[in-house]
Amino acid sequence: MAGVSIQNVEKTFGATRVIHGIDIEIEDGAFVILVGPSGCGKSTLLRIIAGLEDVTSGAIKIGGVEVNDMAPKDRDIAMVFQNYGLYPHMTVAQNMGFALKLSGISKAEIAERVGNAADILNLTPLLDRYPKQLSGGQRQRVAMGRAIVRDPQVFLFDEPLSNLDAKLRVQMRAEIKQLHQRLKVTTVYVTHDQIEAMTMADVIVVMHDGVVKQAGSPLELYDRPANLFVAGFIGSPSMNFVDAKVTGDTLVFDDGQTLPVPTDATLSDGQIVRVGIRPEDLIVADAGLSMRVKIVEPTGAEIHVGAQMGGVPMTVVLRDRHDLHPDQDLIVAPLPGRAHLFDPKTEARLN
């Protein structure tokens, strides 16, 4: 196993710069997820680590060794792609052991490694089947097994669950996390799904437009987003945002409603701030913020309420049963300490 060091890495395609001087230190054995919207540069960065793309400038180090000029096969990494890429004419066992066969490893060692990986992934009963006889989840397990048998220093995953249905994605998330806990191999995983990132990662790196917006543990990013982009990207449904003016120790919204200024914020009188409140941090109250219900969506465990406050769309997630209807007035209050303040110009966190 080995850590991965990404040092001031830049990548350009012609005149277009897609990676802007990124620095990330990935500890040995860590599970790090690169997350962000399409086009943010996360897959390009993963391909740079793998050696499938050259760096324009900067350095990639694996286990302390710079690998910029190494071919992918010499970097001691294994990559699992979005598409399984299995050979249809080969059995599961043959697919998993093919790279080892090309490397000249003995049949006995190949059989041992394939057997061990099959045990880990519950593939032993399927070793003699062909890909067409497998479900999507089973095919993805075979692709993972093909990576495991190589015994690499680093696993790289490029959106491996995006072709699976919702129920199977949940199952495979748990299986990949358990796999990491068992093997303890440094893992870099790319996804656009922030729920995958929150549930699986030790460290999440949020990217946007080729830069790192914030890196930290899942709950750190959820509880204290460093800027507006991270605040809006992490969390589902997304955080509500409403602009307000600081008047003394009060936040005054455009429609005249008010909230107390959070005690952990130092603000100037007359300052304009963007108030962020997560939908799940609003509760029904006798006093607070009044809004008009527009749509009610029961999910079973929760009720998602789409509303408007002074023309601003708001979402409220309620865990208790409430008999709500469109065009009904609803009064909610944020839980103590759960209001986030941001500078609308710099987008930086203020509290």
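Me: Leaving aside its neighbours within four places in sequence, which residues is Met144 in contact with?

Reply: In this predicted model, Met144 is in contact with Val80, Leu121, Phe157, Met172, Ile176 and Leu179, once neighbours within four places in sequence are left aside. Contact here means heavy atoms within 4.5 Å.

Me: What makes the set of 46 residues a nonpolar core, and which residues have the most contacts inside it?

Reply: A nonpolar core is a set of buried residues of nonpolar kinds joined through side-chain atoms within 4.5 Å, and the largest such set has 46 residues, with Ile33, Met96, Met144, Ile176, Tyr189 and Val206 having the most contacts inside it. Helix α4 (residues 136-148) gives the largest share of this core, 5 residues. Apart from it lies another core, of 28 residues, including Leu34 and Met207.

Me: Why are α2 and α3 called oblique to each other?

Reply: Helix α2 (residues 92-102) and helix α3 (residues 107-120) pack at an angle of about 135°, with their axes 10 Å apart. Angles over 145 degrees count as roughly antiparallel and those from 65 to 115 as roughly perpendicular, and α2 and α3 are therefore oblique to each other.

Me: Which residues of α2 and α4 make the contact between these helices?

Reply: The axes of α2 and α4 come within 8 Å and cross at roughly 35°, and the contact is made by Val92, Asn95 and Met96 of α2 together with Val142, Gly145 and Arg146 of α4. By class, this contact has 3 nonpolar, 2 polar and 1 charged residues, with Gly counted as polar and Arg as charged.

Methods
Residues are numbered from 1 along each chain as its sequence is written. This is a predicted model: local features need pLDDT of at least 70, side-chain atom pairs count only at pLDDT 80 or more; totals for chains, interfaces and linings use all residues. Side-chain values use heavy atoms; hydrogens and water are left out. Axes are lines fitted to C-alpha atoms, for helices over the stretch in contact, and angles run from 0 to 180 degrees between N-to-C directions. Helices (H or I, at least four residues) and strands (E, at least two) are DSSP runs, numbered from the N terminus. Angles under 35 degrees count as roughly parallel, over 145 as roughly antiparallel, 65 to 115 as roughly perpendicular and the rest as oblique. Buried means under 20% relative accessible area, exposed over 50%, partly exposed in between (1.4 Å probe, protein chains only).
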